Amino acid sequence: MSNYLMTVNGKKYEAVDCLNNITMADSFLLNKIGTGHGEAKLYVGNEGERLENFFGSLEHIEINGFVLKSDFEKFLHDAEDEYKNPQQDYNKKDKFPEIFEKLSKDVNELDSKPLFFEIHRVGVEPPRVYVNSSSKFYNFIRKLGLPNISYLSILKLKDLSTGKFVFYFKLFIDYKPDIVKYESPFVKSVVEEIKNSNASEKVKERLIQARIGQGEYREKLIEECSFCPFTLVNDERLLIASHIKPWAKSNDTEKTDPKNGFLFTPTYDKLFDGGFISFESDKSLMVSPWISPMNQKRLGIYEGKKIEKLPLDDKREAYLVYHRKNIFKS
């Protein structure tokens, strides 16, 4: 069992910890809903053992961080619907499509190499811990992020040659209301859209039931594999029908195709749906570095672990290609 390794500027690093789901307040972002002028400082948590272990001394946080152009491109791709058809009441809502085009152009002009910047703690009265940077690369996070539906994670990497640490900042978007208390335009209107469509009543019912993880779609999944391949739990009340290619990205056939799904117990459904795990074509587990090594150990998941009971065939593999490329948090 080995920890996640990555190469940055020719140096090999080991992922040793992760600070996940840092909320980016409306005041921090430039795409605002509120009326504040905005502040560049980012709240990362309260003083305590967790942050002390992650950053080192909290009294004088001075760290080297970096972002990647490819991550910004991925974020804009994932956020394109909200930029072009904004659902929240942004201050410049009418200009959002124009803002999206400008941001896409600016990101395209960035260097493809890791973009390094320095981060330091700013003087806010404890126990709250804020960090800041004057770098334009750090400022890109503020430019791209969207209140309520985007968040930041930081991966702590150890230089295997020197033992020094560097911190990898990555921006994510997540429309799931249970995480960010926000419903995308699709989620809010999907049932109504299906009801108002020209499909037959039978097809409408099948689509609605598949959307909420019930009906024929779930029944066929249970027929193929009546248990979670991780836990072997076979109590149907504890199993969730999880789409491989997300519902919002699927056509009507894919939405109700049982081959576009797995049955998992809630923890593993959450991991798969959130892109924290995926699978290779040989049933080997892929584990995102955005789960700390300690939590990987607690969950009993590690890179390359064979999930022998995974019901994988050619049709599911075709859906997994999409999941690995577009959903998995690499």
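Contact here means heavy atoms within 4.5 Å. This is a predicted model: local features need pLDDT of at least 70, side-chain atom pairs count only at pLDDT 80 or more, and totals for chains, interfaces and linings use all residues. Residues are numbered from 1 along each chain as its sequence is written, and side-chain values use heavy atoms, with hydrogens and water left out.

View 1. Val 44 sits in strand β3, residues 42–46 (strands are DSSP runs of E, at least two residues, and helices are runs of H or I, at least four, numbered from the N terminus). Val 44 counts as buried because its relative accessibility is 8% (buried is under 20% relative accessible area, exposed over 50%, partly exposed in between; 1.4 Å probe, protein chains only). Beyond residues up to four places away in sequence, Val 44 touches Leu 19, Ile 22, Leu 51, Phe 55, Val 129 and Val 131. Tyr 130 is 86 residues away in sequence, yet the C-alpha atoms of Val 44 and Tyr 130 are 5.9 Å apart.

**View 2. The largest nonpolar core.** A nonpolar core is a set of buried Ala, Val, Leu, Ile, Met, Phe, Trp, Tyr and Cys residues joined through side-chain atoms within 4.5 Å. The largest has 43 residues; Leu 42, Val 44, Phe 55, Ile 141, Leu 144 and Phe 169 touch the most other members. A second, separate core has 40 residues, including Tyr 168 and Tyr 217.

**View 3. Gln 88 in its loop.** Gln 88 lies between α2 (69–84) and α3 (96–108). Gln 88 is buried, at 7% relative accessible area. Its side chain makes polar contacts with the side chains of Tyr 90 (2.9 Å) and Asn 148 (2.7 Å). A polar contact is a pair of N or O atoms within 3.5 Å; within protein, one must be able to donate a hydrogen and the other to accept it, and residues adjacent in sequence count only if both atoms are side-chain atoms.
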